[in-house]
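Here are my notes on this model, in numbered points. Please read them with the structure open.

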Amino acid sequence: MSYAAITGWGKCLPPAVLANSDFETLMDTTDEWITGRTGIKERRIAAAETSDMAAVAGRRALAAAGITPDDVDLVILATCTPDRLVPGAAAMVQEKIGAGSAGAVDVNAACSGFIYALVMGTALVRAGSADRVLVIGAEKLSTWIDLRDRSTAVLFGDGAGAVVLEPSDVPAGLMASELGSDGALADILTVKGSGTEALVDGTPGDTRIEMEGREVFKRAVTTMGDAAARVLAAAGLDLADVDLLVPHQANARIIDATARRLGLGEERVFTNIGSYGNTSAASIPIALTEAVEQGRIAPGSDIVLVAFGGGLTWAAGLLRWGERIEPVGESSAMLPSSTESGMELIRRRQRAREASWDG
Ligand code: COA
């Protein structure tokens, strides 16, 4: 049987930082509240677009795999913040990285999107429909942050992460997975006004993140813990076999509660939410990349991936790492340069959004 191993990994974090102390000057909040309730200390704000971050992360992942853009058969981009609705941002990434005439498709399952994309890419490689698949998670959530809503504005950030999937004869890659959704809960975490509904009962352009935080929190903890336990069982493993949990980074308290529900100590949990906030579909590939870079992943490591987000959707996977933890090469790919600070970017974005609502 053929497997679909991860052979390359990479990330792209825009350089502009927005710290909790910056939010103290923008709204009625404190570093103490944000840190205590979420674990977030700062986040990145992109000047470039989602496809730019995705392309940089993608090129870095290709270099780590030691393959060229021409080798890519398919680009799958998990995002709920594409540059435009049409064309999909994946096609822009295909052009930006110079991936010949590779197929390109966006996947939107909000914060669960990267695992959904990984499951799809894995299935195509295992079926022999594609040899080399570039799976990316990239988001520019700062676009939909509304500075008048302190309960959501402080949570989200921008960034991208990517992996390369290639066929493998030895067991590696996703060993088991679960994808789920409950569309009845669509309204508890949503960005309205950007799709076809906008012309029926919304204001075109009136788009911002709306969330019932407590409801989402409760459901995230139970759903993530239970889905992770089910994929572990489906892979024929138990808790003692888990080398690392790499959960979606939405809130440090959700991560802690999920780990507790599973019975995993913090030494087996990867967390970087303090630096980036919730980057939705980008959070798991960024975390995976940092886990490899920090020596938290060894050849053959068994890693539990689990995510939860708008839809509501959830996804979990048991990922077995391959033989190589060193990148084959490095890419010099960079984002277009920008000198704007996180504060300047977020203020400018808010002004543009409010002008579009008023208009
Ligand atoms: N600064 C200061 N106070 C804030 C605040 C902020 N940024 N945001 C909310 N508050 C206040 C509220 O107004 C409320 O005040 P009140 O009691 O006077 O009405 C109080 O804090 C408690 O609000 P509540 O929403 O109940 O807080 P919480 O403990 O549930 O934490 C979240 C709020 C958003 C951090 C939490 O619900 C959460 O993380 N939910 C999940 C979010 C998430 O991860 N979503 C993405 C999933 S992919």
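1. Start at the ligand. A polar side-chain atom of R37 lies 2.5 Å from one of the ligand's oxygen atoms. The side chain of N251 places an N or O atom 2.6 Å from a ligand oxygen. A backbone N or O atom of G213 is 3.0 Å from a ligand nitrogen. A polar contact here is a pair of N or O atoms within 3.5 Å. Taken alone, the ligand exposes 960 Å², and the protein buries 75% of that. Areas come from the Shrake-Rupley method with a 1.4 Å probe.

2. Some ground rules. This is a predicted model: local features need pLDDT of at least 70, side-chain atom pairs count only at pLDDT 80 or more, and totals for chains, interfaces and linings use all residues. Residues are numbered from 1 along each chain as its sequence is written, and side-chain values use heavy atoms, with hydrogens and water left out.

3. Which residues come nearest to the ligand? Of the 23 around it, they are T29, R37, R150, R214 and N251. Near means a heavy atom within 4 Å. The largest share of this shell, four residues, comes from α8. At least two residues each are supplied by α2 (31-38), α6 (150-153), α8 (213-234), α9 (252-262) and β12 (302-309). Helices (H or I, at least four residues) and strands (E, at least two) are DSSP runs, numbered from the N terminus.

4. Now look at helix α4, residues 89-97. A89, A90, M92, V93, Q94 and I97 are buried, meaning under 20% relative accessible area (1.4 Å probe, protein chains only). The buried residues of α4 pack against α3 (50-65), β4 (74-78), β5 (103-107) and β6 (133-140); contact means heavy atoms within 4.5 Å. Just after the helix, G98 takes a positive phi of about 75 degrees.

5. Check two cis peptide bonds. One joins V86 and P87, with omega about 0 degrees. P87 is in the loop between β4 and α4. Another joins G311 and L312, with omega about -10 degrees. L312 lies in the loop between β12 and β13 (313-320).

6. Two residues other than glycine have positive phi. A110 has phi near 50 degrees and is found in the loop between β5 and α5 (113-126). A110 is buried, with a relative accessible area of 13%. S280 has phi of about 50 degrees, in the loop between α10 (273-276) and α11 (283-293). S280 is buried too, at 2% relative accessible area.

How values were computed: Buried means under 20% relative accessible area, exposed over 50%, partly exposed in between (1.4 Å probe, protein chains only). A polar contact is a pair of N or O atoms within 3.5 Å; within protein, one must be able to donate a hydrogen and the other to accept it, and residues adjacent in sequence count only if both atoms are side-chain atoms.
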